[in-house]
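Dear colleague,

I am handing over the structure we spoke about, and would be glad if you could look through it alongside the notes in this email.

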Amino acid sequence: MKRLCFIYLTSVLTAWAHNAPSPLMHWDCQKKFLKDGELVAQKGFNLKINSPLPEQKVAGIPSLGNPGKEAWIASQKVSKLQMPELALTVSSWISVDKAIPTGGIVGYFQDNGNSESGWVLGYDKEHFSIGLASAGNQRMTYLQGKTKYQTGKLYHVAATYDGSELRLYVNGKLDASSKDQTGAIRYPDQARLALAGYVDSNENFPHTGTIREVYIYDLCATDEGIAHEFDHGKSMTKESLKPTLAFEHEAPPFLQMATQNSIGVNWATTLPSTGTLFWGETAECKNTIPVTELDKFHHMTITGLQPDTQYFYRTESISQSGNVLKTNVSTFETAPEADSPIAFAIISDTQGNPKVAHKMATYAWAQRPDFLVIPGDLTSTGTDHTHWTEHFFPSMDVLIKRVPMYPVLGNHERNAHWYYDYMNLPDPEYYYTFHYGPAQFFMIDSNKKCTPGSEQYEWLEKELKKSQAKWKMIVHHHPVYSSDANDYGDLWKTNKSSRGDMNVRAMSKLYDQYGVDVVFNGHIHSYERTWQVKEGKVVQRGGIQYFVTGGGGGPLEEAGPSRPKFQNTVKKGHHYAMVRINGDVFEFQAYDEQGKLFDSLRYTRQQK
Ligand SMILES: [Fe+2]
């Protein structure tokens with residue numbers, strides 16, 4: 001029967017849209033077809049839907065959006081015998097509001113290790129795709145289209161398979177084709193038929209966007225048939241759709257730039273919002289600051305505060321459609337007088353390991369630091385939005401909603417606009433300085449030039465020259481000194497290594513010249529403390545203390561086989577550190593992944 005249909009189709013399908021064959025399955029995604037927690041199929045299987053779905057008109061038809069909370073899965077078991085076998089056409093009218101690496105529109109498949117079977121129409125972060133496995137190939141072909149889709153726009157996305165060729169169509173036109181699969185579609189024994197998500201037995205990535213309509217045929221449509229179907233609805237692709245994203249925090253409120261009488265409160269929402277920042281000396285937060293600018297990113301400053309004082313704050317954000325997002329009350333503390341004792345945490349290179357990063361942030365919070373310093377590589381890939389919204393902010397929230405954080409850019413940030421969108425640091429943001437108690441920090445972007453004559457070198461010289469701070473601290477990502485095995489020459493294969501980053505080594509001349517006390521770096525994912533170093537030589541006193549504290553989560557690295565003279569202590573392992581300063585006393589402690597102290601240092605300025 002299916003083969004007969006296939007023959008029928010290849011001959012008559014030019015009139016597909018006018019005189020279309022009957023689909024095997026069809027979902028018209030409108031609220032009126034939602035009944036008792038199911039989207040009732042026009043043909044085929046009803047889909048289970050547990051959460052409320054937003055609706056908007058597309059070409060005058062009220063269509064369902066999926067806010068990315070759940071995929072719509074067939075409410076009864078679907079056997080592979082009920083799926084198209086010898087030929088397939090799947091077509092859909094959909095929009096993507098959130099570009100994700102593994103997105104699904106509709107599918108019935110398994111893609112687990114060596115077991116690849118079934119098919120899935122979907123998308124990655126930029127393109128639509130069809131994945132399909134056949135009897136003639138043990139692996140699935142993921143055919144990626146060449147059209148780059150725009151979020152928030154409706155597309156006609158379709159795919160066909162006729163037993164010899166897999167074809168993907170976007171807006172009626174052939175977008176990609178492959179002859180890698182041959183013969184009948186190979187199905188898994190067990191799978192779930194799912195719309196609005198990429199779903200197999202061990203993965204479930206819900207779709208965020210509008211789903212207007214989906215068809216499945218056990219026939220292979222021709223190019224003309226697909227083009228015809230598109231023509232009938234192409235006016236829909238011109239419409240601007242309302243985003244279906246759930247109104248949530250992309251970045252829950254976090255603190256930056258505390259002074260004795262002000263603090264920065266930053267947060268970001270998935271949709272543009274206005275709102276209110278509430279604050280006060282009690283948890284009632286009786287004072288308000290209106291957030292009038294409609295934006296996803298909010299950077300507010302509370303002013304008129306008393307030094308060294310605990311305050312409370314919370315936020316309310318309101319989307320354009322009137323949804324309200326409230327946070328629980330949190331706390332902050334203003335900076336103390338210049339002669340006050342301070343303590344701060346250092347967590348670096350959290351990149352791509354939110355589990356460990358969260359552990360470190362939780363340990364650090366338990367020590368009640370005044371603030372957090374991050375020497376770079378907050379994310380694994382700074383250009384990947386999800387690395388901010390799913391890795392960095394959720395893992396650090398426990399700490400940065402209570403204490404201000406002071407980051408610098410690592411190489412993994414890739415200078416991405418997201419860094420600048422989320423942060424609110426003094427211009428130009430990639431370098432800046434701040435004071436806290438007796439310390440002044442000079443925050444440098446070591447991805448940029450640090451050599452004499454460079455913008456940052458000149459700026460730093462000017463700033464160090466005028467600094468009156470008792471303790472001068474430098475923070476940048478790349479280490480001035482490191483005994484790492486292979487970042488500065490492969491010490492397992494040669495005896496040549498620069499033992500540190502030469503760009504910042506050039507800048508360290510200024511550190512010696514202007515009495516810098518301590519330098520904090522990351523980049524190398526292990527721990528290292530130097531002896532005091534002055535002008536490139538180890539000294540007993542009067543030099544600079546260098547630390548590499550890059551163990552916040554990134555994959556671990558290790559030291560080369562022989563000890564350089566600057567090395568005091570080196571350790572492979574995830575960690576965070578605390579620094580405590582009281583007048584002339586400097587204390588430093590490093591803690592491992594179990595929260596146990598593994599290195600410490602205490603000296604007084606007189607001893608220095
Ligand atoms: Fe790095």
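Predicted model: local features only at pLDDT ≥ 70, side-chain atom pairs only at ≥ 80, totals over all residues.

The protein chain holds 7 helices and 40 strands, and its C-alpha trace spans about 95 × 65 × 45 Å along the principal axes. Of its 608 residues, 59% are buried, and among the contacts between residues at least 6 apart in sequence, 69% join residues at least 24 apart. The domain assignment gives domain 1 as residues 2-238 and domain 2 as residues 336-604, with the C-alpha centres of these two domains lying 49 Å apart.

The metal site comes next. The iron ion has as its protein donors D377 through OD, N411 through OD1, H477 through NE2 and H523 through ND1, at distances of 2.1 to 2.3 Å. The arrangement is irregular because the 4 donor atoms subtend angles of 86 to 165° around the iron ion, whereas a tetrahedral assignment would need all angles to lie between 85 and 135 degrees. Written as a sequence pattern, the spacing of the donor residues is D-x33-N-x65-H-x45-H. D377 sits in the loop between strand 27 (371-374) and helix 4 (385-400), while H477 sits in the loop between strand 31 (471-475) and helix 7 (502-513), so this pair ties together parts that are 100 residues apart in sequence. Both D377 and H477 are buried.

Turning to the nonpolar cores, the largest has 102 residues, and within it F344, Y511, F586 and F588 touch the most other members. Helix 4 contributes the largest share of this core, with 7 residues. Apart from it lies another core, made of 47 residues and including L53, I130, L193 and L195. As for Y511, leaving aside residues up to four places away in sequence, its contacts are L460, I474, H476, V480, V504, V516, V519, I544 and Y546.

Helix 4 also contains I400, which counts as buried because its relative accessibility is 1%. The C-alpha atoms of I400 and F254 are separated by 5.1 Å, although the two residues are 146 apart along the chain. With residues up to four places away in sequence again left out, I400 touches P253, F254, L255, L372, F392, F393 and M405.

Strand 14 and strand 15 form a hairpin with 2 residues between them, and N171 in the turn has a positive phi of about 50°.

With best regards

Conventions: Residues numbered from 1 in each chain as written. Heavy atoms only, no water. Donors = N, O, S within 2.8 Å, 3.2 Å for Na, K, Ca; no water. Tetrahedral: all angles 85-135°; square planar, octahedral: opposite > 155°, others 65-115°. Helix = DSSP H or I, 4+ residues; strand = E, 2+ residues; numbered from the N terminus. Buried < 20%, exposed > 50% of the residue type's maximum accessible area, 1.4 Å probe, protein only. Domains from an automatic or database assignment. Core = buried A, V, L, I, M, F, W, Y, C linked by side-chain atoms within 4.5 Å. Contact = heavy atoms within 4.5 Å. Pairing = 2+ DSSP bridges.
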